[in-house]
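Notebook open, going through this one piece by piece.

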Amino acid sequence: MNHVYYYDFPIGRLAIADNTEAITQISIHDGFDKEEYQLIETPLIKKASLQLSEYFEGKRKNFELPLSPKGTDFQKRCWEVLQTIPYGETWSYKQLAQAIGNEKACRAVGGANNKNPIIIVIPCHRVIGANGQLVGYGGGLPIKKALLTLEREYR
């Protein structure tokens, strides 16, 4: 059974979903199918919420949660590598493509980044354009900027 629960954070309301065994989604949107997801605050969802609260307070730099994002093998590989970007640092799409072993895959890496279902914990906000500019973020550039500013402040 899939569960979802909503919490308010400094960047707005986030939905946290699990499948009882792992976090499957953390997102800004609330379009969860009521037939597929029960509105229940499970222990795992509560744990994720607490860790996110610690993150926003500058007390947590790494998350300790079981994750199970849905995606292609390529997307999952990109999301694994995203989790290696150190707190408070940024990489370009090219650096991310190089880290997965295919420096020509910048566009594909960007597409995978855009489909990341577990924001913040899988830190897609740490990927920026080659020119150092903030580009592309599903939650909007102001949220991306806020997350990067927070991390630089508490680094």
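This is a predicted model: local features need pLDDT of at least 70, side-chain atom pairs count only at pLDDT 80 or more; totals for chains, interfaces and linings use all residues.

**C78 and its contacts.** Setting aside neighbours within four places in sequence, I found C78 in contact with L96, I100, V109 and A112. C78 sits in helix 2 and is buried, at a relative accessible area of 1%. I also checked C78 against H29: they are 49 residues apart in sequence, and their C-alpha atoms are 22 Å apart in space.

**Cysteines.** How many disulfides are there? I got zero, counting cysteine sulfur pairs within 2.5 Å. C78 is in no disulfide, and the nearest cysteine sulfur to it, that of C106, is 11 Å away. Turning to C106, I found that it is in no disulfide either, with the sulfur of C78 as the nearest cysteine sulfur at 11 Å. C106 is partly exposed, with a relative accessible area of 26%.

**Helix 2.** I listed the buried residues of helix 2 (residues 73-82) and got Q75, C78, W79, V81 and L82. Looking down the axis of helix 2, I see these buried residues within an arc of 160 degrees, so they line one face of the helix. The general rule I keep in mind here is that an α-helix has 3.6 residues a turn, so residues three or four places apart point the same way. As for what covers the buried residues of helix 2, I noted strand 5 (91-92), helix 3, helix 4 (106-114) and strand 6 among the elements.

**Helix 5.** Next I checked the length of helix 5 (residues 141-154). Its 14 residues should span 20 Å at 1.5 Å a residue, and I find its end C-alpha atoms 20 Å apart, which agrees. Which residues of helix 5 are buried? I noted I143, K144, L147, L148, L150 and E151. These cover an arc of only 155 degrees around the axis, which puts them on the same side of helix 5. On the face turned away from that buried side I found the exposed residues P142, K145 and E153. The cover over the buried residues of helix 5 includes helix 1 (43-56), helix 3 (93-99) and strand 6 (127-128).

Then I traced the four-stranded sheet: it is open, has the order 3-2-1-4, and its pairing is mixed. Strand 3 (23-27) and strand 4 (37-39) are at the edges with a single partner strand each, so one side of each has no neighbour in the sheet.

**Strand pairs.** Do strand 1 and strand 4 run parallel or antiparallel? Strand 1 (residues 2-9) and strand 4 run parallel, joined by three bridges. Here I found N2 opposite Y37 in strand 4. Strand 2 and strand 3 run antiparallel, joined by four bridges. I picked out A17, whose bridge partner in strand 3 is Q25. The hairpin of strand 2 and strand 3 has four residues between the strands, and in it I noted T20 with a positive phi near 85 degrees.

Definitions and conventions
Residues are numbered from 1 along each chain as its sequence is written. Side-chain values use heavy atoms; hydrogens and water are left out. Helices (H or I, at least four residues) and strands (E, at least two) are DSSP runs, numbered from the N terminus. The expected span of a helix is 1.5 Å times one less than its number of residues. Buried means under 20% relative accessible area, exposed over 50%, partly exposed in between (1.4 Å probe, protein chains only). The arc is that of the directions from the helix axis to the C-beta atoms. Contact means heavy atoms within 4.5 Å. Two strands pair if DSSP finds at least two bridges between them.
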